[in-house]
Amino acid sequence: MIWRRLDFLALWVAATALSGCRPNASPPSASPPEALAQPSGGSHDGGALYATYCALCHGDRGQGYAADAAHALANPELLATATDAFLRDAITEGRPGTPMSAWGVAHGGPLSDPEVDAVVHYLRAWQTTPAVALSDAPVRGSALRGQAVYDANCAACHGPEAAGGVAVGLANPRFLASASDQFLRYAIEHGRTGTPMPGWGGVLRRQQIDDVVVYLRSLARAPGELPEAAAELDLTGALLNPSGGAASFELREGRFVAADDVKAALDAGARLVVLDARARSDFAAGHIAGAANLPFYESAGHLDSLPRDAWVVTYCGCPHAVSGQLADALIAAGFPHVAVLDEGYFVWRQRGYPVVEPTFTRPEGR
């Protein structure tokens with residue numbers, strides 16, 4: 001399986017709010033449409049679920065950027081234009097190839113369908129502007145012209161071919177499969193309040209915006225099926241090189257270990273435990289060779305299976321939020337040698353260090 005090599009700062013495409021590079025312009029007001037139907041929170045506490053699985057990256061109030069490029073979910077333009085189905089898909093299916101996990105139980109995540117609905121219901125409480133009734137009509141234009149406009153105005157932030165840069169990648173197959181043409185168009189025209197993404201409606205002609213949408217749509221690929229995640233955790237072989245010597249790490253800020261140092265320790269045959277702190281769906285989609293999966297939210301009851309006489313290195317894709325949670329649990333349980341992989345999984349992979357990935361081919365994550 002071949003995925004595009006991306007900078008980890010560009011890899012978060014959760015319920016993707018477009019973001020850009022220039023100061024934001026206030027979006028024009030839209031005539032109030034009918035409100036979006038909101039799912040019932042049911043018997044599940046959406047706020048508690050959000051606090052457990054989402055806040056560590058998207059912020060406790062949906063303000064975003066608690067972990068690198070995890071954008072604001074409370075953004076007014078996002079919530080005014082994203083349907084419940086769009087939000088539900090983002091949570092359940094995730095954004096393969098990015099740090100946004102597939103949280104649905106069908107893919108090995110912890111959230112049932114009613115729990116996903118409860119999170120969506122909780123997000124809706126942050127919606128402060130009327131929902132915008134977007135047309136279902138496809139946008140018409142020229143992908144060739146749109147690429148020229150994109151390259152001149154968007155690529156500096158969103159990357160060539162919308163693969164991501166200092167802002168999120170827009171060509172993620174799962175995102176494009178759930179985002180309508182009009183959703184994309186509105187985001188480009190009106191921008192995202194409180195972010196570097198400006199409203200381009202005052203800069204680009206209407207046809208130019210249409211052409212950019214058509215260009216983005218031309219980058220769409222059918223989302224590949226997510227690999228099957230393990231039904232049970234297995235930490236029996238977590239200790240690597242059990243007969244090897246002790247690893248020796250110099251930690252940044254007393255907490256973070258460089259990927260190069262971990263790779264060198266593994267190559268030297270040092271005793272080491274490498275724990276993938278992400279959801280099971282992420283681990284199934286690709287992980288560091290030799291790593292064991294211990295999702296940060298499942299650590300209770302499993303730590304006694306791990307040796308205490310070797311370094312334990314945790315990692316995720318954020319690259320610190322999720323792995324930091326697991327590291328804190330290990331430290332609180334009395335493990336003497338715990339470190340967080342500084343650069344995270346995606347940088348490890350970009351450097352060509354050993355990973356385990358499904359053998360089938362699927363579209364690039366972009």
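**A walk through the predicted model**

Among contacts (heavy atoms within 4.5 Å) between residues at least 6 apart in sequence, 76% join residues at least 24 apart. This is a predicted model, in which local features need pLDDT of at least 70 and side-chain atom pairs count only at pLDDT 80 or more, while totals for chains, interfaces and linings use all residues. Residues are numbered from 1 along each chain as its sequence is written, and side-chain values use heavy atoms, with hydrogens and water left out.

The pLDDT, the predictor's confidence in each residue from 0 to 100, has a mean of 86 over the protein, and 86% of the residues reach 70 or more. Over residues 1-41 the pLDDT is below 50, although this stretch has 152 contacts in the model beyond near neighbours in sequence; residues 360-366 also have a pLDDT below 50, with 36 such contacts. Where pLDDT is low, the predicted coordinates should not be read in detail.

The protein holds 14 helices and eight strands, which are DSSP runs numbered from the N terminus (helices are H or I, at least four residues; strands are E, at least two). Of its 366 residues, 56% count as buried, that is, under 20% relative accessible area with a 1.4 Å probe and protein chains only.

Helix 11, residues 259-267, has Ala 259, Val 262, Lys 263, Ala 265 and Leu 266 as its buried residues. These residues lie on the same side of helix 11 because they cover an arc of only 160 degrees around the axis, the arc being that of the directions from the helix axis to the C-beta atoms. What covers them includes helix 14 (345-350) and several strands, among them strand 3 (272-276) and strand 6 (311-315). Just after helix 11, Gly 269 takes a positive phi of about 80 degrees.

The structure also holds five cavities of 30 Å³ or more; a cavity is a set of points on a 1 Å grid over the protein atoms alone where a 1.4 Å probe fits but cannot get out, and lining residues have an atom within 4 Å of a point. The second largest cavity has about 130 Å³ of space, a volume being the space filled by probe spheres set on the points. Of the 18 residues that line this cavity, the closest to its centre are Pro 96, Gly 97, Thr 98, Asp 282 and Ala 285. Helix 12 (280-285) and helix 14 each supply at least two lining residues, and helix 12 gives the most, with three.

Notes: Buried means under 20% relative accessible area, exposed over 50%, partly exposed in between (1.4 Å probe, protein chains only). On a 1 Å grid over the protein atoms alone, a cavity is a set of points where a 1.4 Å probe fits but cannot get out, and a pocket is an open set with protein on both sides within 12 Å along at least five of seven lines; lining residues have an atom within 4 Å of a point.
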